[in-house]
2 protein chains.
Amino acid sequence: LDTKFEIMSHRVVFIGAGNLATRLSSALAEKDFKILQVYSRTQLAAKTLAMKFRAKYTVLPADITSRADIYFVALADSAWDDVLPLVDFGDRLVVHCSGSMPLSALAKFAKNRGVFYPLQTFSKNRDVDFREIPVFIEANSEKNIDTLVQIGREISDSVSVLDSEKRLLMHIAAVFSCNFVNFFYSVAFEILKSNEISFDVLKPLIMETARKVQEMHPLQAQTGPAFRFDENIIEKHMKALDAFPESKEMYYFISKSIFEHHQKKR
Amino acid sequence: LDTKFEIMSHRVVFIGAGNLATRLSSALAEKDFKILQVYSRTQLAAKTLAMKFRAKYTVLPADITSRADIYFVALADSAWDDVLPLVDFGDRLVVHCSGSMPLSALAKFAKNRGVFYPLQTFSKNRDVDFREIPVFIEANSEKNIDTLVQIGREISDSVSVLDSEKRLLMHIAAVFSCNFVNFFYSVAFEILKSNEISFDVLKPLIMETARKVQEMHPLQAQTGPAFRFDENIIEKHMKALDAFPESKEMYYFISKSIFEHHQKKR
């Protein structure tokens, strides 16, 4: 039976060819998985990813092969209805990779279904160490859970089972600590750029800010004028931000939140 | 003359014993600087820091020695008026360490004055590699600039001269990319905690988010539902955040900003 699993679960199709699909398929291909085919609405994206594995590619949902063991759906959920009903999945395992879509969203498309959610920010051309990425699994049967946990362990040192509701909240936490954080990096970038200061000056600060919370509680790591309620400095900043109205509004809003948040804790 | 500088500029007093004072004095003490005395309003803080260097300490501004070569003012500016008028600085060099206070703010207290601003987030009990921290210098004479640049180079590989106005904007950029970022880490922490999920799951994501912008432009590094304008996911997040009204308001505000920001760029 184990041998059967080993053979059975290794023929993979990727439905989607974006950042996550690119990095996950690459991590699987480095192990014993065979990427059979890549589907994407965009021919260039499908072809570019498929070429990495000498796999086939298609832009036509109806041409997605039914001969794989497992299908990874890494598409925006708004595209699911245009693609998934046209594929003959049979009994094959179909898993999506979304933090915020419930497992049940696959019910109308697949008899055997699961979720395989790697918690990381991916870029097509940036390699990541998949072994350190936490992978969260959910599936509609114990057998499918086992299969996905086993696949997860092939590429990651941290595989857990988590239900849809908790995964959604984890995704929101990830949005705050990655997407929103990166947005603030770009706000900082633009403030510096307009003053002809290189973004390089912030790089050690950005790294140290991230490193601190690897060891300290974020509340303990908090510094800055809003945390100290340094009104004089905050006023100076607000005045200087007159030239950056959007950033000014954010500055005020977040400073107020920090102050109120820490008032409560004190 | 060089020898004179070497001797002259090495007797240091710290006025303030907070995070920045602790890390800066430690970096200087590792070189040939002699920390003579530490002042703080809080006896415990003054004593704790002074003990690291077998230095004297005081809580009385009038007891601050006039025999040092250089005074580092690392106090909230709201405390300056209670302390600095009571110290006899004579011709000695007095420098503040604030990103947002202009050089001119020291004019009423000191004839020779400057700014020594290390751009980093400091915690008392957390060692940092000072060599990689950018230090920004300003002073009221070429001679004082030279002195501060020389001191800066003793402890950092990146020393630049920057005027007060640009330093203020740099400080604002630092607030966005450190203080506000860390606040979002704590928002994420609390969302996870209320669902009994360990903050550990976010640590690789936080590190990767910081590492990405060491090499990529932050606009290129941006990912997430707001950037993709994934309304379905954003709605799910907003609904799930009903239990966290403050975080919900922030989620909406920042998502909207990201969307508008990237709409313009597209």
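Biologist: What do the buried residues of H2(B) pack against?
Modeller: They pack against strands S1 (11–15), S2 (34–39), S4 (70–73) and S6 (112–118) of chain B. Helices H3 (43–52) and H5 (142–155) of chain B are also on that list. Bear in mind that this is a predicted model.

Biologist: Which residues of H2(B) are buried?
Modeller: Among them are Leu20(B), Ala21(B), Leu24(B), Ala27(B) and Leu28(B). Arg23(B) is buried too. Nine of the twelve residues are buried, so H2(B) is largely enclosed by the rest of the structure.

Biologist: And how far apart are the end C-alpha atoms of helix H2 of chain B?
Modeller: They are 17 Å apart. At 1.5 Å a residue, its twelve residues should span 16 Å, which agrees.

Biologist: Switching to chain A. What is the strand order in the sheet?
Modeller: The order is S3-S2-S1-S4-S5-S6-S7-S8, eight strands in an open sheet with mixed pairing. S3 (56–58) and S8 (158–161) are the edge strands, each pairing on one side only.

Biologist: In what sense do S1 and S2 of chain A pair?
Modeller: Parallel, over five bridges. Ile15(A) stands opposite Tyr39(A) in S2(A).

Biologist: Where does H2 of chain A lie?
Modeller: Across S1, S2, S4 and S6 of chain A, running at about 170° to S1(A). Helix H6 (164–193) of chain A lies across S5, S6 and S7, at about 25° to S6(A).

Biologist: Last topic. What rotation superposes chain A on chain B?
Modeller: One of 180°, with 0.0 Å of shift along its axis and an RMSD of 0.0 Å. The two copies are thus related as by a two-fold rotation axis.

Biologist: Which C-alpha of chain A is nearest the axis?
Modeller: That of Val181(A), 2.6 Å from the axis.

Key. Residues numbered from 1 in each chain as written. Chains lettered and ligands numbered in written order. Predicted model: local features only at pLDDT ≥ 70, side-chain atom pairs only at ≥ 80, totals over all residues. Heavy atoms only, no water. Helix = DSSP H or I, 4+ residues; strand = E, 2+ residues; numbered from the N terminus. Expected span 1.5 Å × (residues − 1). Buried < 20%, exposed > 50% of the residue type's maximum accessible area, 1.4 Å probe, protein only. Contact = heavy atoms within 4.5 Å. Least-squares fit on C-alpha atoms with pLDDT ≥ 70 in both. Pairing = 2+ DSSP bridges. Axes fitted to C-alpha atoms, helices over the stretch in contact; angles between N-to-C directions.
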